[in-house]
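Q: I have a multi-chain model open and would like to learn how to read it. Could you take me through it?

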Amino acid sequence: MNDVKAITVDHLTKKFGNFTAVDNISFEVKKGEIFGFLGANGAGKTTAMRMLCGLSIPSSGNATVAGFDVYHQTEKIKKNIGYMSQKFSLYEDLTVKENIRFYAGIYGKSNEFIKNKTGVVIKDLHLEKEANKLVKSLPLGWKQKLAFSVAIFHEPEIVFLDEPTGGVDPVTRREFWNLIYEAAATGITVFVTTHYMDEAEYCNRVCIMVDGRIDAMDTPQQLKKACDAASMDEVFLKLARKALRSDT
Amino acid sequence: MRSLRFLLQKEFRQIFRNTSILRIIFLMPIIQLLVLPWAADYEMKNINITVIDHDHSPYSRQLISKITASGYFILQDYTSSYNQSLVDIEKDKSDLILEIPASFQKNLIKENESKLFVAVNAINGVKANLGGAYLISIIRNFNGNIRSKWIQFPRFNPELNINVVSSDWYNPEMNYKYFMVPGILVILVTLVGSFLASLNIVKEKEIGTIEQINVTPIKKYQFVLGKLIPFWVLGLIVLGIGLGISRLFYGIISAGNLFVIFGFAAVYLLAVLGLGLLISTYTSTQQQAMLISFFLIMIFVLLGGLYTSIDSMPHWAQMMTKVNPVTYFIEVMRMVVLKGSGFADIKNQFLIMLGFAMVLNGWAVLSYRKRY
Amino acid sequence: MKQFFSFVKKEFHHILRDPRTMLILLGMPIAQIIIFGFALTNEVKNSKIAVLDNSKDVATTALIQQINSSRYFDIEKSLTDYKSIDAEFKTGKIKMVIVFPQGFNEDLQHFNKAQVQLIADASDPNVANTLANYATAIIMDYQNRITDDRKLPYTIHTEIQMLYNPQLMGAYSFVPGVMAMVLMLVCTMMTAITIVREKETGTMEVLLVSPVQPLKIVIAKAVPYLLLSMVNIMSILMLSVFVLGVPINGSLLLLIAVSILFTLTSLALGLLISSVTASQQAAMFISLVGLFLPTVMLSGFMFPIENMPLPLRIISNVVPAKWFYTIVKSVMIKGVGFSLIWKEVLVLTGMMLFFLVLSIKKFKIRLA
């Protein structure tokens, strides 16, 4: 892993009226890293991620994504990232192939590229039989894997995953993480939010958010050692106990 | 431009895959065009009449048969007193009472004048007015016949006579459907444009796919165009189908140039699609979008001059019709289809509509936000 | 019973917490009554017309002045050329042209006979017809005044009386119609949609596994809309009496009672729709296309039913609003008592029971 920075965040803050959703956070993510963003519901993970994706304008602080500024260069950022949201975001009334083609198309990929890569992706996901079926008819786990493949189809520098494995069974979650590793191996930086603590163990580095602030940031091993905990679950419980705001 | 192509491809696929929406887009206009014009008919015929004949003379009977033979009136009931016939009116059995007093014939011949009494249920003012007018003209005619029978060999007509000749242009058979069908067609095109387009966008909000679109490099205008164009095309297709139906089932052949209609419709659709977009940017659920579109469309339609004449509205309501795009299209449609007005005649309406399209779409694009 | 009321309370919270919907539900009737009560009139007045006067003599000047001073006509233009008529019509500004031939007064004085031509833009046959009638009446009136001194033999005088609505105000027929429309909309559409929404979001399942009887749940959903409709009925009646000047000639109590009956019928219909649809969109479209349009078109308030072809006249009988419209007109404006409307009341009651029984049946089937 080299030292090129994929994401830099410097004193980033987002306020909604009197409510400070993200409070003065700073961190850096290296290229090719799998960076986990943990926190309870309402800790500010999604808000932070939305700012980095250019969906939300920060109240103060600086950040760059793939070298572009989140205030003025959001359109350039969008060209270089992939995004998979909390809600399932493929079109249920389009087929597997049509969804791939649509998203690849709006990222400006050539027909040639789309055609070749679609075949590869469908084969990797073992969706050959389902390629021309409506996405609606797929089980949730398959849909999520497909959504991830679509999010990195245009070969972005960074992919943002917002709780990608919600409601998915453990086996499929395992497979999903295999996909993430494969993507990281090709040099894609992965920025993932989750509240499954076992998933945190898969990350190169994790950052734990509590009440809009970063409470801890390190490799899972170091965090466990520092907190004297056997698992990330314990680390999280110890840190999260201090939280003032709960579910919102 | 390439992105736009992919957006359009997706929209069309989704529309054509959703059979229930397709049915609404294509079947609803057809059924409505086939049914509604039959109901929307102000032409007065079948006016129910109750007669009280105290006279029972040849003249009274002649008058009654003349009334029933006119084709406008249906003799509902004979009663022996006014109070009894009033019950007919109260029960809605009858719209009109004609009371012929005793010695009607005798007085007419001996005293040179006689009286008739007519009472009309005037809850529906127009109906009452027209019904009364028809009846009076029948009586006048009857009167004239009697007079000419009694005044033998008039040396010269003592009666001053201004002869009123009326001619009805553009629709000589006074076919009400010629008037209604083009108007109803406008409503249908409007529904496809604003209603469906706004629902479509709000649906992407509700299911969350709009988030995904927002992180892609698609430009605002590309997304908006991707939504507008399919419904614009559908609107024009519905218009074409509608014109075909009017021709096939009602024999309405546009007196004016079809290009004028389609040209105007193209701009009109842009305006109502802009309205649909605007609604979608201000709502977050399909239910809200539906209620608001419904409320607006109802006011637009009822104040658009489809059913009632705009000239008869009070001043403030006429002002409201000026900011109602539906008014202009109904007007233009009727002008072109029935009177054969050309582009020069509708230039003003066209420019106003262009203004609507620019304002509404500009507003919608500005308020559609990719970031919060 | 206590459970039932806690459900009703919950429904009220739903409605009260959504101010946008609330505003539409309570504001729409008021807006409609005011807009439609004032603006929607079948009456034809202030119609813009043009005159082509080839005589320009005493008689034509007097006639033109009389026409212009009537509330029906505004003379917008004076034309000089017969050929320009078509162009005028095509711009859509005028609706009729009155043409006086040359020597109108001379003809009238010397031959006792003269001619006037009315050319109407009959693309709107209703307006054309009405305008021709009005103009003819004014001309006849003028003629009669000249002939007044020469008494004609054998004359029938017709005395005409306009019952219930001597000023022929449009509001008299629109108010009862708007009442039917609003109640239908609030009760049927909104109940159907709220119930279907619970189905869509899955909360219906949760309610159904609670120990409360399913029927009670569904009825609890309808109660707030019943109360909301009562508010709407009151505001509509107040507005029509105090703002539009439409009287309540009959018993107020009877009027309110039949309105409640119609509200219940609409609610039952809403329940029925909710039990046969699965999505909000479907419920909305059924209410819109299946209910709203027929209510406007076939209840008789927009278009007289007796003018329609037979199939539509038959179909109009299954439109609840048609019966309600007849009842309201009778009670409110004609001032008749129950003895004259019991048939319509019976029909509405029958419809309500039918919808109710059918929706309960459908509901049970779904549960089974």
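This is a predicted model: local features need pLDDT of at least 70, side-chain atom pairs count only at pLDDT 80 or more; totals for chains, interfaces and linings use all residues.

Q: What is the mean pLDDT of chain C?

A: pLDDT is the predictor's confidence in each residue, from 0 to 100. For chain C the mean is 81, and 94% of its residues reach 70 or more. The model scores ipTM 0.74 and pTM 0.77.

Q: Which residues of chain B does the UniProt annotation "transmembrane region" cover?

A: Such annotations may be inferred rather than shown by experiment; positions follow the numbering used here, and feature names are shortened. The unreviewed entry lists several stretches of chain B, including 179–202 and 350–368. Helices here are DSSP runs (H or I, at least four residues), strands likewise (E, at least two), numbered from the N terminus. Residues 179–202 of chain B are 100% helix, with end C-alpha atoms 36 Å apart; residues 350–368 of chain B are 95% helix, with ends 27 Å apart.

Q: How many residues does the contact take from chain A and from chain B?

A: Two residues are in contact if their C-beta atoms, placed from the backbone, lie within 7 Å. Chain A gives 22 residues and chain B 20. Helix 3 of chain A supplies the largest share of chain A's side, four residues.

Notes:
Residues are numbered from 1 along each chain as its sequence is written. Chains are lettered from A and ligands numbered from 1 in the order in which they are written.
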